[in-house]
Protein chains: 2
Amino acid sequence: MKENNVLDFLRAQQSGYLSGEDISQKLKVSRSAVWKEIQSLRGLGYEIEAQPHWGYRLAGIPDKLFADEISHALGTKFIGRRIISYDSLDSTNDAAFGLGEHGAKEGACVFSEFQKKGRGRLGRSWASPKGKNLILSVLLRPLFSPSEVSKITLMTAVSTVKAIKTLTGKTLGIKWPNDIYFKDKKAGGILTEMSAELDRVNFVVVGIGVNVNSSPKELPPGSISLKEVTGKEISRISFAQELLRQIEKDYLKLKNRDAANLEKEWEDFSLTSGKRVVATVLGRRIQGYATGIDKEGALWIRRDNGLQERIFAGDIEHLRPAHE
Amino acid sequence: MKENNVLDFLRAQQSGYLSGEDISQKLKVSRSAVWKEIQSLRGLGYEIEAQPHWGYRLAGIPDKLFADEISHALGTKFIGRRIISYDSLDSTNDAAFGLGEHGAKEGACVFSEFQKKGRGRLGRSWASPKGKNLILSVLLRPLFSPSEVSKITLMTAVSTVKAIKTLTGKTLGIKWPNDIYFKDKKAGGILTEMSAELDRVNFVVVGIGVNVNSSPKELPPGSISLKEVTGKEISRISFAQELLRQIEKDYLKLKNRDAANLEKEWEDFSLTSGKRVVATVLGRRIQGYATGIDKEGALWIRRDNGLQERIFAGDIEHLRPAHE
């Protein structure tokens with residue numbers, strides 16, 4: 001008997017009670033097997049009420065990123081059709097990279113409550129308290145050249161902003177190319193990595209970290225969580241589901257070369273466009289005015305000497321205008 | 001007692017005999033332990049003569065890519081300081097990729113006598129009979145952006161051509177970007193793969209396959225081995241060593257941005273420059289005259305309408321001029 005069979009019965013009957021007798025008959029297992037499953041689900045954090053004569057009722061699901069909870073009623077075609085969920089691991093990107101190397105299908109996802117070696121761009125650390133935020137990596141297999149992969153970072157940032165908006169009503173912004181900001185504080189980030197030949201990608205792993213329910217003291221300075229932004233806790237499961245659905249929609253646009261809307265969105269959500277910036281690209285410093293992001297996802301910077309620079313990735317510092 | 005201790009003694013004494021007594025005293029092990037090692041070395045294919053009263057003499061080393069043989073007197077600083085040698089495995093590139101992910105140092109090499117799933121560019125198969133040719137992958141960690149990695153392919157092709165020239169006196173050519181040709185037949189190829197973020201490479205794996213001692217019937221049509229080119233067998237160990245030395249020299253030039261000579265060499269060795277070609281780049285067909293290879297390793301093609309195209313990677317077909 002699979003654990004989620006009992007769980008599925010309880011879910012379907014969420015408004016009322018279901019007797020152990022009914023469950024055991026429908027699943028064709030003993031009453032004691034049902035009772036053991038109920039105990040096991042409770043051990044995982046499911047609140048299951050038991051009333052004599054009435055039976056069992058699912059009163060609450062745990063705030064845990066269980067693969068089964070994320071999959072339930074997810075409704076996507078390929079993103080998240082396979083989900084592996086960890087309590088703790090070194091890095092979800094590394095785990096998803098391993099899946100990629102072993103031939104896992106596009107859309108496979110790795111979630112973890114905690115990362116022992118969480119990474120941001122350029123090998124920097126990504127710290128996140130256990131069980132409070134969202135950390136996931138998605139495996140993609142686009143027929144792209146390596147230089148096209150920067151669009152996947154921006155696309156994922158756009159999907160994340162839209163998922164946050166759907167759940168909270170708040171519109172956050174994208175600090176080009178890979179960070180999600182609320183005002184001047186970081187709420188999330190994207191880390192895109194790939195395995196590639198020179199002219200084509202073998203696979204891409206997109207890592208997403210969003211500060212969801214963490215408190216200020218649990219986060220690095222300069223960070224903010226969605227809970228702080230909205231004043232209330234957010235269901236990480238609902239957020240994860242909305243994010244996967246949004247990624248699927250946006251990624252299909254990108255793959256089908258039908259990305260006009262997406263390109264408008266990454267420009268609309270951009271906090272970098274229109275600002276004075278200093279960009280550091282492989283050690284080179286470029287200071288100027290960020291004029292916008294093009295169709296390839298590249299940032300254009302007009303230097304003070306009038307020269308236009310086009311950069312595909314780099315560290316960006318937003319400068320305040322001189323008159324502020 | 002490590003196996004290569006007895007071997008090292010025998011090597012040092014290659015011109016004369018060494019008594020079992022001497023070896024056992026110097027290594028501080030029993031006569032019977034020495035005898036067991038001799039048997040074990042013979043099992044690996046080492047020819048060890050034994051003369052009553054005189055002792056042992058190393059008469060021949062096996063034609064096997066043993067790590068210890070390649071390392072012996074290699075003299076490089078970092079390329080091949082760690083060598084892992086297989087009798088058979090799926091793919092040396094995959095094995096070297098795994099080393100890269102687990103933090104192995106730059107220069108680690110994987111050799112194999114045979115690949116069960118040998119690959120060429122774009123997932124095509126790379127077939128090579130067991131024990132006749134050279135198949136290796138080298139792990140590199142350049143501080144490069146992904147777009148710079150195409151230079152590593154060309155550099156490796158140049159190193160391979162130079163190593164072949166040193167060993168055989170024959171100058172083969174490079175069919176841009178990654179194949180080694182003798183006249184119109186393929187003698188080898190390079191497969192470069194990387195793990196990367198958008199703006200920097202995590203690591204690069206360069207796979208090299210060269211047809212060394214295989215006979216025509218052992219190779220795919222359109223292929224040729226160095227043995228066919230030169231009319232004689234070539235020591236694969238000597239070739240492997242020369243190749244690793246040459247890669248180290250050329251790679252250091254590339255890393256130190258001191259690549260003027262290299263750029264001249266990849267143009268000099270190019271069989272593609274000056275030919276009419278059809279290039280296929282991610283499904284797009286470009287026909288024209290290949291004018292040359294630039295500093296970034298990109299091929300320039302002048303289309304018949306006069307338009308210049310610059311391509312970083314792709315499939316190239318050399319066309320014969322109309323008057324031939």
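Which residue in β8(B) is the bridge partner of Glu193(A)? The partner is Glu197(B).

## Basis of the model

This is a predicted model, in which local features need pLDDT of at least 70 and side-chain atom pairs count only at pLDDT 80 or more, while totals for chains, interfaces and linings use all residues. Residues are numbered from 1 along each chain as its sequence is written, and chains are lettered from A and ligands numbered from 1 in the order in which they are written.

## Chain A overall

The secondary structure of chain A comprises nine helices and 14 strands; helices (H or I, at least four residues) and strands (E, at least two) are DSSP runs, numbered from the N terminus. The C-alpha trace of chain A spans about 80 × 45 × 35 Å along its principal axes.

Chain A has 324 residues, and 44% of them count as buried. A residue is buried if 20 or more other C-beta atoms lie within 10 Å of its own, exposed if 12 or fewer, and partly exposed in between, with C-beta atoms placed from the backbone. Two residues are in contact if their C-beta atoms, placed from the backbone, lie within 7 Å. Of the contacts in chain A between residues at least 6 apart in sequence, 61% join residues at least 24 apart.

## Domains of chain A

Chain A is split into domain 1 (3-60), domain 2 (67-268) and domain 3 (276-319). These bounds come from an automatic or database domain assignment.

Taken over C-alpha atoms, the centres of domain 2 and domain 3 of chain A are 24 Å apart. Their contact takes ten residues from domain 2 of chain A and nine residues from domain 3 of chain A. On the domain 2 side, the elements giving two or more residues are α6 (150-168) and α9 (260-268) of chain A. By class, that side has four nonpolar, two polar and four charged residues. Here Ala, Val, Leu, Ile, Met, Phe, Trp, Tyr, Cys and Pro count as nonpolar, Asp, Glu, Lys and Arg as charged, and the others, Gly among them, as polar.

## Hairpins

Five bridges join β1(A) to strand β2 (residues 55-60) of chain A, and the two run antiparallel; strands pair if DSSP finds at least two bridges between them. Ala50(A) stands opposite Tyr56(A) in β2(A). Three residues lie between these strands, and in this hairpin His53(A) takes a positive phi near 75 degrees.

Strand β11 (residues 284-293) of chain A runs antiparallel to strand β12 (residues 299-303) of chain A, joined by five bridges. Tyr289(A) stands opposite Arg302(A) in β12(A), and Arg302(A) also has Gln308(A) in β13(A) as a bridge partner. Four bridges join β12(A) to strand β13 (residues 308-311) of chain A, again antiparallel. In the β11(A) and β12(A) hairpin, with five residues between the strands, Gly297(A) has a positive phi near 90 degrees. In the β12(A) and β13(A) hairpin, with four residues between the strands, Gly306(A) has a positive phi near 90 degrees.

## How the two chains meet

Chain B is superposed on chain A by a rotation of 180 degrees with 0.0 Å of shift along its axis (RMSD 0.1 Å). That is the relation of a two-fold axis. In chain B, the C-alpha nearest the axis belongs to Ser195(B), 2.3 Å from it.

In the interface, 21 residues of chain B are in contact with 22 residues of chain A. On the chain B side, α6 (150-168) and β8 (185-197) are the elements that give two or more residues, and β8(B) gives the most, with six residues. This side divides into nine nonpolar, seven polar and five charged residues. Five bridges join strand β8 (residues 185-197) of chain A to β8(B), and these strands run antiparallel. Of the interface residues of chain B, 100% are also interface residues in chain A, so the copies meet through the same surface.

## Nonpolar core

The largest nonpolar core has 146 residues, and those with the most contacts inside it are Leu136(A), Val204(A), Leu136(B) and Val204(B). Such a core is a set of buried Ala, Val, Leu, Ile, Met, Phe, Trp, Tyr and Cys residues joined through C-beta atoms within 7 Å.

Val204(B) lies in strand β9 (residues 201-210) of chain B and is buried, with 26 other C-beta atoms within 10 Å. Leaving aside neighbours within four places in sequence, Val204(B) is in contact with residues including Leu140(B), Val149(B) and Met194(B).

Conventions
Least-squares fit on C-alpha atoms with pLDDT ≥ 70 in both.
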